Amino acid sequence: MSQINMGTKRARKITDSFARQAMMQGFGAEVTEISEGRVTLSAPIQPHALQQHGFVHAGLTFALGDSAAGYAALSIMPEEAEVMTAEMKINLLAPAGGARLIARGRVIKPGRRLFVTAADVYAVDGETETHVAMLQGTMVPV
């Protein structure tokens, strides 16, 4: 279920950019929501994304959160800009298991040269969402 409630040109730029991320496509990830300063991504938890203990590998958790935060920044950058991560920190809060990961990215503070962003990642099992990671980072318009 998608909620892309932003001008179609900006939303299309984000979804087209996301579609070019081969790693995200390999994990079956998708853009599920776009609004000003916020982007939500979702990915099914598949066997090839698990680590040795049967939980989602932190690499996928990080990649999904980083992308959600980056696209949140892109949603309010000048139209001609693209986005790159300058730095990103992650706190892993709980092991991730279940059916899906959801990453909700947001802009904390926009700027001309730097955008401070954050993302929260949740593991979804049935009706239960478990907060499994939080990220904070800096995005740069390029």
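Reader: Which side chains does a polar contact of 2.6 Å join?

Author: Those of Ser 42 and Arg 100. A polar contact is a pair of N or O atoms within 3.5 Å; within protein, one must be able to donate a hydrogen and the other to accept it, and residues adjacent in sequence count only if both atoms are side-chain atoms. Please keep in mind that this is a predicted model, where local features need pLDDT of at least 70, side-chain atom pairs count only at pLDDT 80 or more, and totals for chains, interfaces and linings use all residues. Residues are numbered from 1 along each chain as its sequence is written, and side-chain values use heavy atoms, leaving out hydrogens and water.

Reader: Is Ser 42 buried or exposed?

Author: Buried means under 20% relative accessible area, exposed over 50%, and partly exposed in between (1.4 Å probe, protein chains only). Ser 42 has 4%, so this residue is buried. Among the residues it touches, beyond four places away in sequence, are Gly 28, Thr 32 and Ile 102; contact means heavy atoms within 4.5 Å.

Reader: And where is Val 142 found?

Author: Val 142 is in the segment after β7 (128-141). Its relative accessibility is 57%, so Val 142 counts as exposed. Leaving aside neighbours within four places in sequence, Val 142 is in contact with Ala 81, Glu 82, Val 83 and Met 84.

Reader: What span should helix α3 have?

Author: The expected span is 1.5 Å times one less than the number of residues. Helices are DSSP runs (H or I, at least four residues), numbered from the N terminus. Helix α3 (residues 58-74) has 17 residues and should span 24 Å, which agrees with its end C-alpha atoms being 24 Å apart. In α3, 14 of the 17 residues are buried.

Notes. Helix = DSSP H or I, 4+ residues; strand = E, 2+ residues; numbered from the N terminus.
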